[in-house]
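The reader may wish to keep the sequence and the 3D view open while reading.

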Amino acid sequence: MKTPAETRRLLDRLEAQHPDADTELDYRTPFELLVATMLSAQSTDQRVNLVTPALFARYPDARALAGATTAELEVRIHSTGFFRAKSKALVGMAQALMARHGGEVPADMQALTALPGVGRKTANVVLGHALGVPGLPVDRHVLRVSNRLGIAEGDDPEIVEQQLCAALKTSRWTRTSDTLILHGRRICKPRPLCEQCAVVDACDYYQTLQRERDRPSRPIRAARNIRSPRR
Ligand code: SF4
């Protein structure tokens with residue numbers, strides 16, 4: 001695995017390639033980002049952004065959402081997928097916000113992850129983007145890209161989060177996640193576009209692939225399995 005200094009240098013270059021890296025979810029308040037992030041599970045940010053304007057107009061805060069029925073919510077969020085489970089989680093989350101936090105979104109990992117339907121990744125998204133608390137959300141893109149680059153190792157999101165956080169100042173955490181996510185969406189896809197990658201010279205996965213290609217007697221497939229824990 002790369003040293004903290006190597007990791008930081010590599011991320012400097014990746015950030016230069018993606019200067020616009022930020023969450024692609026539309027929101028105005030921490031509550032809206034929490035709702036949007038919960039909806040984005042197994043969906044795309046673009047699809048979520050299509051349903052949230054009407055949703056937020058009808059349920060602008062935790063009080064309004066806590067009074068919704070799951071049946072009426074299901075119709076509004078249907079296109080994001082898993083609408084029954086998401087409706088239940090959203091109403092439960094809003095009711096818990098009302099009961100425990102006066103309707104406000106708490107700026108605290110433990111309190112956030114105690115809410116129904118809120119995991120560590122969602123909590124980190126909200127903390128880092130809407131509440132000014134450093135957070136490094138690890139999704140499937142962050143897992144794939146960081147393992148390929150060799151700046152993290154493993155397929156446990158919490159372990160990878162710890163490894164990346166340990167190499168970086170807290171002020172870089174959220175930006176790093178945004179950058180790795182965008183790189184994973186645009187370039188380091190499951191089938192990566194390495195010729196467009198700003199850090200191709202420093203990528204463990206690419207170098208392993210090249211070595212394997214230079215050795216025709218060994219199957220390339222073996223290299224393709226390296227450092228790509230989830231696709
Ligand atoms: S060189 Fe290829 S595999 Fe490595 S990070 Fe860049 S796009 Fe991904």
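## Domain organisation

The model is predicted. The domain assignment of the chain gives two parts: domain 1, which covers 4-20 + 138-224, and domain 2, which covers 30-130. The C-alpha centres of domain 1 and domain 2 are 30 Å apart.

Contact between the domains involves 6 residues of domain 1 and 4 residues of domain 2. On the side of domain 1 that touches domain 2, helix H10 (157-167) and helix H11 (173-186) each contribute at least two residues. By class, the residues on that side of domain 1 are 3 nonpolar, 1 polar and 2 charged.

## Nonpolar cores

The largest nonpolar core contains 31 residues, and Met38, Leu90, Met93 and Val126 have the most contacts inside it. Two or more residues of this core come from each of helix H2 (30-39), helix H3 (45-58), helix H4 (62-66), helix H5 (70-77), helix H6 (83-101) and helix H8 (120-130). H2 gives the largest share of this core, 7 residues.

Val126 illustrates the packing. Leaving aside residues up to four places away in sequence, Val126 touches Pro30, Leu33, Leu34, Thr37, Val105, Leu112 and Leu131. A second, separate core has 26 residues, among them Ala21, Ala152, Trp173 and Tyr205.

Helix H2 is mostly covered, with 9 of its 10 residues buried. The buried residues are Phe31, Glu32, Leu33, Leu34, Val35, Ala36, Thr37, Met38 and Leu39. The buried residues of H2 pack against H3, H4, H5, H6 and H8.

Helix H11 has 14 residues and reaches 20 Å from its first C-alpha to its last, close to the 20 Å expected at 1.5 Å a residue. H11 is also mostly covered, since 11 of its 14 residues are buried. The buried residues of H11 are Trp173, Thr174, Thr176, Ser177, Asp178, Thr179, Leu180, Ile181, Leu182, His183 and Gly184. The elements that cover them include helix H1 (4-17), H8, H9 and H10.

## Surroundings of the ligand

The ligand is surrounded by 14 residues, of which Cys188, Pro192, Cys194, Cys197 and Cys203 are the closest. Helix H9 (140-149) and helix H12 (204-214) each supply at least two residues of this shell. The largest share, 3 residues, comes from H9.

By class, the shell around the ligand holds 13 nonpolar residues, 1 charged residue and no polar residues.

Tyr205, a member of the second core, is found in helix H12. Tyr205 counts as buried because 22 other C-beta atoms lie within 10 Å, and the cut-off for a buried residue is 20 or more. Tyr205 and Gly150 are 55 residues apart in sequence, and their C-alpha atoms are 7.8 Å apart in space.

Asp12 has its place in helix H1. With 12 other C-beta atoms within 10 Å, Asp12 is exposed, given that the cut-off for an exposed residue is 12 or fewer. Asp12 and Thr179 are 167 residues apart in sequence, with a C-alpha to C-alpha distance of 10.0 Å. Thr179 is itself one of the buried residues of H11.

## Residues with positive phi

Most residues other than glycine have a negative phi. Which backbone angle sets Gln42 apart as a residue that is not a glycine? Gln42 has a positive phi of about 60 degrees. Gln42 is in the loop between H2 and H3, and Gln42 is exposed because 10 other C-beta atoms lie within 10 Å.

Phe82 also has a positive phi, near 45 degrees, in a residue other than glycine. The place of Phe82 is in the loop between H5 and H6. Phe82 counts as partly exposed because 13 C-beta neighbours lie inside 10 Å.

Notes. Residues numbered from 1 in each chain as written. Predicted model: local features only at pLDDT ≥ 70, side-chain atom pairs only at ≥ 80, totals over all residues. Near = placed C-beta within 6 Å. Helix = DSSP H or I, 4+ residues; strand = E, 2+ residues; numbered from the N terminus. Nonpolar A, V, L, I, M, F, W, Y, C, P; charged D, E, K, R; others polar. Domains from an automatic or database assignment. Contact = placed C-beta atoms within 7 Å. Core = buried A, V, L, I, M, F, W, Y, C linked by C-beta atoms within 7 Å. Expected span 1.5 Å × (residues − 1).
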